[in-house]
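Okay, everyone, thanks for coming. Please have a look at the sequence and the model on the screen, and I'll walk you through a few spots in it.

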Amino acid sequence: NEYKSYLSMPPKKQEKSSKGGKDKPMKPKSGGGKAKKKKWSKGKTRDKLNNAPLFDKATYAKLLDEVPKYKLITPSVVSERLKVRGSLARFGLEELHSKGLIKLVDKHGSQVIYTRNAADDAE
């Protein structure tokens, strides 16, 4: 008898809510299979980057002045911060490296990593 009392549950009590509009009586559906078709989302859209294809004087000055002070220097970082194309950032970094303003850390495939010179860290 004790075992049966665990299995049988008491009848559900209907709570009457004082708020109106929540418990509207459901209208009987006329016929099945009339569900709305799922609309596919357009997906996430990224804003087009409008990066400069050539250095102008201000950007080139920024490249020579600010980039050697970055701790981590990669073409992607330079491209994002100076708003220039990746290929342009790559050439700019090669130029800075040839001038001795930045130090090469690692060159592997398409990813090149530079850092600022050790002499600049002491300042």
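This is a predicted model: local features need pLDDT of at least 70, side-chain atom pairs count only at pLDDT 80 or more; totals for chains, interfaces and linings use all residues.

Let's start with a hairpin: strands E1 and E2 form one, with two residues between them. In the turn, Gly109 has a positive phi of about 65°. A word on the labels: helices (H or I, at least four residues) and strands (E, at least two) are DSSP runs, numbered from the N terminus.

Residues are numbered from 1 along each chain as its sequence is written, and side-chain values use heavy atoms, with hydrogens and water left out.

E1 covers residues 102–108, and E1 and E2 pair in the antiparallel sense over six bridges. Two strands pair if DSSP finds at least two bridges between them. One example to find on your screen: Lys107 has Val112 in E2 as its bridge partner.

While we're on E2, look at Thr115, which lies in that strand. Is Thr115 buried or exposed? It counts as buried, at 17% relative accessibility. Buried means under 20% relative accessible area, exposed means over 50%, and partly exposed is in between, with a 1.4 Å probe and protein chains only. Which residues does Thr115 touch, leaving aside its neighbours within four places in sequence? They are Lys71, Ile73, Ile102, Lys103 and Val105, where contact means heavy atoms within 4.5 Å.

Now zoom out to the whole chain. How many helices and strands are there? The protein chain has five helices and two strands, and from the N terminus on they run α-α-α-α-β-β-α. The chain has 123 residues, and 20% of them count as buried.

Next, the helices. In H3, the buried residues are Pro75, Val77, Val78, Ser79 and Leu82. What covers them includes H2, H4 and strand E2, residues 111–116. You can look at this from the H2 side too: Thr59 lies in H2, which is residues 57–65, and counts as buried at 15% relative accessibility. Apart from its neighbours within four places in sequence, Thr59 is in contact with Leu82 and Val84.

Just after H3 comes Lys83, with a positive phi of about 55°. Why point that out? Most residues other than glycine have a negative phi. Lys83 is not a glycine. It sits in the loop between H3 (75–82) and H4 (86–99), and is partly exposed at 49% relative accessibility.

Over in H4 we find Glu95, which is partly exposed with a relative accessible area of 29%. Glu95 and Leu64 are 31 residues apart along the chain, and their C-alpha atoms are separated by 9.6 Å.

Last topic: rings. There is one aromatic pair in the structure. Phe55 and Tyr60 form it, edge-to-face, at 5.7 Å centre to centre and with 65° between the planes. The rule is that rings of Phe, Tyr and Trp (its six-membered ring) pair if their centres lie within 6.5 Å; planes under 30 degrees apart count as stacked, over 60 as edge-to-face and the rest as tilted. Phe55 is partly exposed at 24%, and Tyr60 is partly exposed at 26%.

Rings also turn up with charges over them. The charged end of Lys38 sits over the ring of Trp40, 4.5 Å from its centre, and that of Arg81 sits over the ring of Tyr70, 4.3 Å from its centre. To qualify, NZ of Lys or CZ of Arg has to be within 6 Å of the ring centre and within 35 degrees of the ring normal.
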